[in-house]
Amino acid sequence: MSDQERTALVTGASRGIGRECAVRLAALGHRVAINYNTHPEDADEVVKIIRDAGGEAVSVGGNVAVRDDVEKMIAETEEALGPIEILINNAGIISDSLLMRMKDEDFDRVMDTNLKGTYFCSRITVPGMIKRRWGRIVNVSSVVGIRGNAGQTNYSASKAAVHGFTKSLAKEVSGRNVTVNAVAPGYIRTATTNVLSEKLKDTVRSWIPMGRFGEPEEVAPLIVFLCSEDARYITGDVVRVDGGMAI
Ligand code: NDP
């Protein structure tokens, strides 16, 4: 049986992993809101790709770290596409430095986007999911939230916190057919990792049993599966997609 067509919001869907998830959800017939923060033109491009393929999508701007923005983008999504049934909390940033040199504002910015953004989006959409007795939430975390990484105390703390958030929320809402899971990617080839120096990329590859970075196309299928009807008995899990990096 194919899945019912649903409304999905993917945060940070204008590029990278989020974009790949949005395009795949739309290909399955779901209506998808493409959230972006600073680059509307990238989000418009994703909307065009989906519409050209016969799918339904809208772009919704907003900073996930700002409650007013999140309220607005959720209202826009629901007005255009109907109540949100699938939420992919994917928007995330890095701002790396050793703790000794870290600026307080870099710590706050990373926590606010990666953790508080996940909280705001979930806080505002979960009541509707509970009321309708169906929902899927997938939080995109990181393998760094499991194993830690020098130079990323802020980022790894935010992603480890997302794991705690995921498990706790799953305990609260799974009895209402709302599942909550996290997917923890390893190093994936996107704008986030393209900025690393070649030397650092070589070091990172030496940590990965598969010996290479992953692609967004290798992460998105799992996220999309966790949003499906077939994944209904999977909740509160943190699943790695990391080429074995955290074994
Ligand atoms: P990209 O850097 O390719 O894209 C980031 C996306 O998030 C963009 O669409 C960007 O929009 C959006 N975004 C950034 N900040 C905000 C914000 N405050 N509010 C709303 N949207 C925002 O990201 P990736 O695909 O690399 O990463 C996606 C997720 O996967 C992140 O949570 C990241 O931490 C995680 N991850 C990535 C890994 C990797 O190796 N790439 C590894 C492990 C985890 P705009 O451009 O308009 O600002």
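Asp104 is exposed, with a relative accessible area of 62% (exposed means over 50%, buried under 20%, and partly exposed in between, with a 1.4 Å probe and protein chains only). The model is predicted, so local features need pLDDT of at least 70 and side-chain atom pairs count only at pLDDT 80 or more, while totals for chains, interfaces and linings use all residues. Residues are numbered from 1 along each chain as its sequence is written, and side-chain values use heavy atoms, with hydrogens and water left out.

Asp104 belongs to helix α4, residues 104-132 (helices are DSSP runs of H or I with at least four residues, strands are runs of E with at least two, and both are numbered from the N terminus). In sequence, 50 residues separate Asp104 from Asn154. In space, their C-alpha atoms are 9.8 Å apart.

Strand β5 spans residues 135-140 and contains Asn139. Asn139 counts as buried, because its relative accessibility is 0%. Its side chain makes a polar contact of 3.0 Å with the side chain of Thr166 (a polar contact is a pair of N or O atoms within 3.5 Å; within protein, one must be able to donate a hydrogen and the other to accept it, and residues adjacent in sequence count only if both atoms are side-chain atoms).

The ligand is surrounded by 32 residues. The closest are Ser14, Thr38, Asn90, Tyr155 and Thr190. The shell divides into 12 nonpolar, 18 polar and 2 charged residues (Ala, Val, Leu, Ile, Met, Phe, Trp, Tyr, Cys and Pro count as nonpolar, Asp, Glu, Lys and Arg as charged, and the others, Gly among them, as polar).

One is 2.8 Å from an N or O atom in the Arg15 side chain. A polar backbone atom of Ile17 is 2.9 Å from a ligand oxygen. For Thr190, a polar side-chain atom lies 2.5 Å from an oxygen of the ligand.

Two loop residues concern the backbone. Most residues other than glycine have a negative phi. Arg133 is not a glycine, yet has a positive phi of about 60°. Arg133 sits in the loop between α4 and β5 and counts as partly exposed, because its relative accessibility is 46%. Asn177, also not a glycine, has a positive phi of about 65°. Asn177 lies in the loop between α6 and β6 (178-185). At 48% relative accessibility, Asn177 counts as partly exposed.

How values were computed
Near = heavy atom within 4 Å.
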